[in-house]
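Okay, thanks everyone for coming.

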Amino acid sequence: MMYLEETVLTIFIDADGCPVKDEVYKVAARYQLLVKVVANKGINTPLNPLVQMVVVAAGPDEADNWIAEHIQEHDVCITADIPLADRCLKKQAKVLGVRGDEFTENMIGNALATRELMKELREIGQMSGGPPPFSARDRSQFLSGLDRIIQAIKRDTERKALLAARKKP
């Protein structure tokens, strides 16, 4: 079993309005991973030393700024916020949307452009509404995506550790 000081990665949750917090807690407990729940106000979290609530100052981007400042390579950010996803990717972190779609360097530019286009269409009244309601299928896809990312990070860190061990005299 892995302990806090040995965790391979930390999961950061952009928690305001995140519909998959409970799923993250369960997966993180299974892998014994540290979770940082970041929001502008306190949120009920499990009584688990691996789950830490981080309350940031009130403001539209305060939670995003905190996550972007603290996330590192091999960490995972859970968010629906495309600009935050872009910032995390630039720090070599993995990013998973709440519906299970992984944000990657190859698609983030298109996602940012689409976000801006949709914003403009809403502002001029050409589009209304938001995303479809969150479904059980979305939860399942999220769980699969999170598990896939964690396994990939674990494989990568194990591979790097093995290569480093081989280089030692």
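Before we start, a quick word on terms: I'll say buried for under 20% relative accessible area, exposed for over 50%, and partly exposed for anything in between. And please keep in mind that this is a predicted model.

Six strands make an open sheet, in the order 3-2-1-4-5-6, and the pairing is mixed. At the edges sit strand 3, residues 51-55, and strand 6, residues 102-103, each pairing on one side only. Helix 2, residues 62-70, packs on this sheet and touches strands 1, 2, 3 and 4, with its direction at about 165° to that of strand 1.

Now zoom in on strand 1. Who are its neighbours? On one side, strand 2 runs parallel to strand 1, and five bridges join them; Ile13, for instance, stands opposite Val37 in strand 2. Strand 4 also runs parallel to strand 1, through three bridges, and there Ile11 has Val76 as its bridge partner. Going on from strand 4, strand 5 (residues 94-96) pairs with strand 4 in the parallel sense, over three bridges, with Cys77 opposite Val95.

So is strand 1 buried or exposed? Five of its five residues are buried. Both faces are covered, with Thr10, Phe12 and Asp14 on one side and Ile11 and Ile13 on the other.

Next, helix 1. Together with strand 1 and strand 2, helix 1 makes a right-handed β-α-β unit. The buried residues of helix 1 are Lys21, Glu23, Val24, Tyr25, Val27, Ala28 and Tyr31, and what covers them includes strands 1, 2, 3 and 4 plus helix 5.

In soluble globular proteins, nonpolar side chains tend to be buried together. Here the largest nonpolar core has 25 residues, and Ile11, Ile13, Val35, Ile78 and Leu146 touch the most other members. Strand 1, helix 1, strand 2, strand 4 and helix 5 each give two or more residues to this core. What does Ile78 touch? Leaving out residues up to four places away in sequence, its contacts include Ile11, Ile13, Val24, Leu96, Val98, Phe142 and Leu146. There's also a second, separate core of 18 residues, with Ala68, Ile71, Ile82 and Val95 among them.

Last stop: the charges. The whole structure has eight salt bridges. Glu73 pairs with Lys160, with the closest N and O atoms 3.2 Å apart. Glu73 is in the loop between helix 2 and strand 4, while Lys160 is in helix 5, so this pair ties together parts that are 87 residues apart in sequence. Glu73 has a relative accessible area of 41%, so we call it partly exposed, and Lys160, at 36%, is partly exposed too.

Lys160 also meets Asp156 in a salt bridge, at 3.5 Å from N to O. Those two are four residues apart in helix 5, so about one helical turn separates them. Through shared partners, salt bridges join Glu73, Asp156, Arg159 and Lys160 into one network.

And one more pair: Arg99 and Asp138, where the closest N and O atoms are 2.4 Å apart. Arg99 sits in the loop between strand 5 and strand 6, and Asp138 in helix 5, 39 residues apart. Arg99 is partly exposed at 23% relative accessibility, whereas Asp138, at 11%, counts as buried.

That's it from me. Thanks!

Key: Residues are numbered from 1 along each chain as its sequence is written. This is a predicted model: local features need pLDDT of at least 70, side-chain atom pairs count only at pLDDT 80 or more; totals for chains, interfaces and linings use all residues. Side-chain values use heavy atoms; hydrogens and water are left out. A nonpolar core is a set of buried Ala, Val, Leu, Ile, Met, Phe, Trp, Tyr and Cys residues joined through side-chain atoms within 4.5 Å. Buried means under 20% relative accessible area, exposed over 50%, partly exposed in between (1.4 Å probe, protein chains only). Contact means heavy atoms within 4.5 Å. Two strands pair if DSSP finds at least two bridges between them. Axes are lines fitted to C-alpha atoms, for helices over the stretch in contact, and angles run from 0 to 180 degrees between N-to-C directions. A crossover is right-handed if, with the strands pointing away from the viewer, the path from the first strand over the helix to the second runs clockwise. A salt bridge is a side-chain nitrogen of Lys or Arg within 4 Å of a carboxyl oxygen of Asp or Glu.
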